[in-house]
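Trainee: I would like a close look at one chain, please. Could you walk me through how it is built and how its parts meet their neighbours?

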Amino acid sequence: MGYPQKPHPKETVVLSEYFGDPEARTYRGWVKRGGYEALKKALGMDPNAVTEEVKNSGLRGRGGAGFPTGLKWTFMPKEKKGPHYLCVNADESEPGTFKDREIMRWTPHALLEGTAIAAHAIRAEVAYIYIRGEFTEPWTVMTQALAEANAAKVFGNITIHLHRGAGAYICGEETALMNSIEGKRGNPRIKPPFPAVAGVFGKPTTINNVETLAAVPHIIKRGADWYKSLCLSSPKSTGTKLFSVCGHIQKPGNVEVTLGFPLKDVIYEMCGGMRPGRTLKACIPGGSSVPILTREETEKCLLDYEGVAAAGSLLGSGGVIVFDDSADMVYQIMRLARFYAHESCAQCTQCREGTAWTTKIMERILAGKGQMKDLDLLLDLSENMTGKTICVLSDSCATPVISGITKFRSEFEDYITGKKRPVMVA
Amino acid sequence: MADLVNLTIDEVQVSVPKGTLVIEAAKQAGVLVPHYCYHPGLPVAGVCRMCLVEIEKTPKLQIACATQVAEGMVVKTRSGQAKSGRTGVLELLLINHPLDCPICDQAGECELQDFTFQEGRPSTRYSPTYPKRFNPVEDFGPDVLYVPNRCILCTRCVRFMEDVAKEPVLNVSERGDRAFIGVHPDAQLDHPWSGNVVDLCPVGSLLSKDFLHKARAWELDKTASVCTGCSQGCNVTLDLRDDTVVRIRPRANVEVNRYFICDHGRGHYRWMNRGDRVEAPLVKDGTDLRAVDWDEALDRVRTILQGAGGSAVALVSPKASTEGLYYARKLLARFNWTGAFQVVMGEEAPLSGVPNLALRAERAPNGKGAELLGYSRDYAAALKAAEQAAVVLVIDDPETAVKTSGQVIYLGTAAPASLNASIILPMASMVEEDGTYVNRDGRVQRYFQARGTPAMARPAWWVLGQLTDAAPESASAAFDVMAGDVDAFRGMSYATLGLTGQRTGAGAGVPA
């Protein structure tokens, strides 16, 4: 955890080692802690060798999809015909996720180093770090760190630009992010073409998450085998991952564990468990876009890509949202739906109209004016919103609704039958 | 020949060039996949999600407009899964739609109506107590109104202005279900080609002020025609209500105007409805004009022509048909004749995104045809020559005051400016006859008769043809006679010109 609490003994501290250590933010402080050694080593290596090392480490994208990072890098054209770009997705906006923010706040040089190594590996001369508009403190820290690193000329021929978003969730979608960098409206693009063929400015582009790139220097420095050895369950999930735990929990914050770690230990041990007299009701394990888990599912769940999938959800971004027995699931899901309705880019019909309609139905149920058939309508509507659009924002809205109604149907019915008092929805 | 890809669409096998989109391949299989945002003249957006189809071995439904064909692909547009996907889109498109078809200009030619009728839900599941999205009607520019409540945000208009007109004054403003089409605060939708957004709009959201509430779509008679606004020769459809032209819309011709016409051409129909037409042949007796029948009128012309010798001058309108102009030349062949046409000039206005497409400065739909038939652009010289000529034949140029010592034969749609003509013959306008124009690039294009002629007016080729030895029976026959006689048209036939025309010199056996 590192900040504000000290790390728990069960944590595997790799990325979060210097969280809470102000000196690590400075270039000199970072170098003193062994920083930029990996970059020096990588720049002396053949780009393909760097990629191979990352591929062997088993590192997978930490932004949500969990795509193998090294494999992604190999999608870039073998023969370089023009500029290549690297985009770093620091537009961390997934509700319940705040790990990238901490990486940028405390270890900005870790990200810069990882960015430069990745740029070298994909033979990009320019990298853009797209930072969420609301991240004022990370922005300041990153700006300072980049200036110091540039002054020390550590990046060789690689130029790193910071680009600040203007406050749209959808700009965290990789192609919307590229449009935004280009100065266009942040609308996701249809794929194909994939970014490795035509990304930002129509040139081959790789896009990686902050946490993914922050892990890269460790892999280069300590080797793929070391990273691969960090594995508690499935061999397909290696390394450590930050989990942002929030909600009805005693000690919210980021914890770093080796993949395969039990979710219940994170909740009950590292984060201090429920408030006194409260019990766990539900948990969203990977940011607001993934299916909700019940208490039983949560307590069985192992935190790696396969483990969470087996429990019926997705590892996603690692934003763990905890609900105790005081939580009103109907209200919580309405809030999520409203968020997606607000953030829909308005391109695809299902998303533009579906997210708003979902919200209206949810609000009506909460107001005590719902009907039983609304639940089937919500499920049918959610099905219609799944897998039919350009990006997955629409699916993300449907997911909590489907899992919510399926797993907590009685709470919905209580509002409809009048057993529960209506909630004023502002 | 490009590489062909074989695929099956709704159990029909088709072979299409590599890179073809499924939605276009489907057309070849006789299948129209319902769609809104896709338009062949615009970049693919893939946003309406209406063209969802099932493709075997692909887990999710795919949009036909953004999916390229692949060898052995099996596409099912009518499977249960595909249909329910599209029904879902239609339901969502309608939840915020005002359903004000009875007062909407688009009704009857609305794709939202058509596809809802075809595969939409019979009733809504949207609660009547939810308010629908409401935004006031907005004035976008000289001829375009935006009714945001009907908008389905397909973004065709935005893409047209951005990628075709290259004047990006429209955008999608706001997000989510609050989104609407916005116009730049310091600009107007006043590009000379901006009227196309009205045609492109698949619903009644962008409306032409000129056509507003003029007619219901089902009252219109549609005729394939050619625009008379300039020498570009854009293919158009004339929409007539009760024999009155009320609207001109583009007709697709990828060789000439693709899917677009300019606003000048769009509005260039008022002359077609003018009321001051010549309705009967008029002969001059002393100072009076007397209405006569065609036999007498034609006899009178024959007498004039037989009695005259020396030189003759033809002053013709570049709006006259190629066939009429040919027969005029044939009639005057035995004289020492000169012919000329007068071209009105205006401003040129290109459509940047389409090569070789512009509102041309020369507002002469058949100037090239006249030229190919030996008429000159030197109108002033012809007017001078007319002074000494024995016969002056004027074809539909009522603004010309001819000074001559000879006889003036006037063939026109409206009465001439100065009444020094010996005889006035009523002529059908291009709306009332079949014929051809030759555009500036030498493309011969047919236009079709959209309504009957007023009273006794007849097409120019008929009138002048009657005065020759072998009168043609139709525009088609007149054209074929010309093709056998004039080098520029040799090898062409009226029948094979089709709906989109042919370049002169493209026919078989043309001498270089």
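Mentor: Happy to; let us begin with contact, which joins two residues if their C-beta atoms, placed from the backbone, lie within 7 Å. This is a predicted model, in which local features need pLDDT of at least 70 and side-chain atom pairs count only at pLDDT 80 or more, while totals for chains, interfaces and linings use all residues. Residues are numbered from 1 along each chain as its sequence is written, and chains are lettered from A and ligands numbered from 1 in the order in which they are written.

Now follow helix 2 of chain B, residues 80-95, back to the strands it covers. Helix 2 lies across strand 3 and strand 5 (74-76) of chain B, and it runs at about 160° to strand 3 (axes are lines fitted to C-alpha atoms, for helices over the stretch in contact, and angles run from 0 to 180 degrees between N-to-C directions). Both of these strands belong to an open sheet of five strands in chain B, with the order 2-1-5-3-4 and mixed pairing (two strands pair if DSSP finds at least two bridges between them). Strand 2 (12-17) and strand 4 (62-63) of chain B are at the edges with a single partner strand each, so each has one side without a neighbour in the sheet. Strand 3, residues 52-55, runs antiparallel to strand 4 of chain B, and two bridges join them. Here Leu52(B) is placed opposite Ile63(B) of strand 4.

Next, the wider layout of the chain. An automatic or database domain assignment supplies the domain bounds, and it divides chain B into domain 1 (4-93), domain 2 (131-273) and domain 3 (282-503). The centres of domain 2 and domain 3 of chain B, taken over C-alpha atoms, are 33 Å apart. Their contact involves 32 residues of domain 2 and 30 residues of domain 3 of chain B. On the domain 2 side, helix 4 (156-164), strand 11 (221-226), strand 12 (235-241) and helix 6 (263-266) of chain B each supply at least two residues. Strand 11 of chain B gives the most to this side, with four residues. The domain 2 side divides into 15 nonpolar, 12 polar and five charged residues.

Strand 11 leads us to one more sheet. This open sheet of three strands in chain B has the order 11-12-13 with antiparallel pairing. Strand 11 and strand 13 (244-250) of chain B form its edges, each with a single partner strand, so one side of each has no neighbour in the sheet. On average, neighbouring strands of this sheet are turned by 30° against each other, direction ignored. Strand 12 and strand 13 of chain B run antiparallel and are joined by six bridges.

Notes
Ala, Val, Leu, Ile, Met, Phe, Trp, Tyr, Cys and Pro count as nonpolar, Asp, Glu, Lys and Arg as charged, and the others, Gly among them, as polar.
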